[in-house]
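Work through the exercises below with the sequence and the coordinates at hand. Each task is followed by a solution in steps.

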2 protein chains.
Amino acid sequence: MKFPKISEAVVRRLPMYLRFLNELAKSDVQTVSSQDLGRRLDLNPAQIRKDLAYFGEFGKKGIGYDVGYLVEKIRGILKLDQEIRVALVGAGNLGQALCNYNAYLKDNMRISAVFDANPNRIGDRINQLSVQPMEELVRTVREQHVRIGIITVPATEAQRVADQFVEAGVEGIMNFAPAIIKVPSQIRVHYADFTIELQSLAYYLNRGETEEEE
Amino acid sequence: MKFPKISEAVVRRLPMYLRFLNELAKSDVQTVSSQDLGRRLDLNPAQIRKDLAYFGEFGKKGIGYDVGYLVEKIRGILKLDQEIRVALVGAGNLGQALCNYNAYLKDNMRISAVFDANPNRIGDRINQLSVQPMEELVRTVREQHVRIGIITVPATEAQRVADQFVEAGVEGIMNFAPAIIKVPSQIRVHYADFTIELQSLAYYLNRGETEEEE
């Protein structure tokens with residue numbers, strides 16, 4: 001399947017569409033209008049129609065979009081119809097919390113290996129996963145054909161972990177450490193960085209705060 | 001201070017610029033070129049020049065940008081020169097991990113209150129914060145002039161927590177729960193949702209995987 005290049009903003013909205021569409025499918029709803037989607041996701045219906053038209057999907061006037069068809073289409077675009085294994089380094093609070101999301105990561109995508117540098121954590125069970133030592137990272141990632149690496153270690157360790165993921169051949173890295181990492185250009189890095197998220201959100205707070213209260 | 005409306009993509013890049021610029025400032029680096037910024041942040045220098053020109057900031061040819069001035073400017077745009085208090089609901093693994101980021105949240109922005117519905121957690125200390133019961137949320141958020149609410153509760157509880165944040169008067173919500181929440185339109189919601197981040201990243205993995213290996 002080939003799709004046209006989709007903008008980052010659209011790629012970020014697709015999983016949200018998918019989540020809501022999955023909810024609808026579970027309730028046996030067959031069709032949905034861009035108005036309904038917009039109301040629920042707090043988006044402009046025109047924006048939604050434009051997003052869906054990107055990959056050749058057009059709603060029928062007065063009827064809307066076919067929920068099941070849209071789910072399949074978006075899953076295909078996001079590659080959720082493939083098995084995507086994920087490995088995580090850093091079994092602290094954040095790492096453990098992320099492993100708990102495995103329950104929501106249906107669609108063949110799931111964390112399949114966890115590593116930590118702390119000898120006291122090796123062998124600990126997080127959900128069904130046993131924490132492995134760092135020395136086993138490259139071999140395990142290769143053997144399991146892991147495609148995404150997650151970094152939840154302190155900032156000072158992030159680059160070292162990224163280097164090992166690169167050596168092991170991952171295609172994408174999600175970095176939760178508050179540090180900028182350097183990897184070869186063919187590897188996609190997403191910064192799921194809490195401080196950056198919070199600072200972005202701050203931009204949108206009431207702009208009036210610096211002026212006098214009205 | 002008034003700034004032109006900045007696109008979401010730029011707003012997401014500003015905190016990354018700021019982080020790197022702060023690193024430079026700490027090392028007493030006075031000026032930086034868009035090439036250096038681009039190399040370090042894996043961005044196109046032309047993109048960076050365009051971003052910075054957005055708010056009237058132009059580098060000097062052959063010299064680059066003044067690091068200190070740029071730091072002040074970006075902090076102003078992101079409102080990091082104001083005090084921004086943040087409250088968090090859900091003192092589980094994820095909530096605890098986020099509280100640990102307080103160390104990185106200099107710039108007057110920090111988590112100042114933590115709440116949980118579980119009676120066994122009330123009074124627990126996370127960093128310097130004592131976990132409070134949900135009944136105290138509205139009063140505490142109002143008293144402390146909290147502007148951002150963070151939700152790290154199970155999906156089924158997310159809307160209820162959002163409603164309380166809205167009642168208490170927050171201006172922005174960062175929702176980590178894998179659920180879509182509904183709030184009045186003047187309140188900004190960011191979804192810092194791990195499953196959505198991971199699904200967005202999957203889109204960028206090697207497109208060749210579905211074809212035969214070469």
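**Exercise 1.** How many helices and strands does the secondary structure of chain A come to?

*Solution.* The model is predicted. Assigning the secondary structure of chain A gives 8 helices and 9 strands. Next, take the C-alpha atoms of chain A along the principal axes: they fill a box of roughly 60 × 55 × 35 Å. Finally, turn to the contacts in chain A with a separation of 6 or more; residues 24 or more positions apart account for 56% of them.

**Exercise 2.** Determine what share of chain A is buried, and describe its accessible surface.

*Solution.* Chain A has 214 residues, and 54% of them are buried, the cut-off being under 20% relative accessible area. The accessible surface of chain A is about 10200 Å². Carbon and sulfur atoms hold 48% of that surface.

**Exercise 3.** Characterise the interface of chain B and chain A.

*Solution.* Begin with the residues: 70 from chain B and 70 from chain A take part in the contact. The two chains bury about 7200 Å² between them, with 62% of this area on carbon and sulfur atoms. On the side of chain B, the most area is lost by R19(B), I180(B) and F194(B), together 11% of what that side buries.

Then count the polar terms. There are 12 residue pairs in polar contact between the chains, both residues at pLDDT 80 or more. The salt-bridge rule finds 2 across the interface. One of them can be checked directly: R12(B) and E197(A) meet through their side chains at 3.3 Å, N to O, and the rule requires a distance within 4 Å.

By class, the side has 41 nonpolar, 11 polar and 18 charged residues.

Technical notes: Residues are numbered from 1 along each chain as its sequence is written. Chains are lettered from A and ligands numbered from 1 in the order in which they are written. Side-chain values use heavy atoms; hydrogens and water are left out. Contact means heavy atoms within 4.5 Å. Buried area is the accessible area (1.4 Å probe) that two parts lose on being put together, summed over both. A polar contact is a pair of N or O atoms within 3.5 Å; within protein, one must be able to donate a hydrogen and the other to accept it, and residues adjacent in sequence count only if both atoms are side-chain atoms. Ala, Val, Leu, Ile, Met, Phe, Trp, Tyr, Cys and Pro count as nonpolar, Asp, Glu, Lys and Arg as charged, and the others, Gly among them, as polar. Helices (H or I, at least four residues) and strands (E, at least two) are DSSP runs, numbered from the N terminus. Buried means under 20% relative accessible area, exposed over 50%, partly exposed in between (1.4 Å probe, protein chains only). Accessible areas come from the Shrake-Rupley method with a 1.4 Å probe; for residues, only the protein chains shown count as cover.
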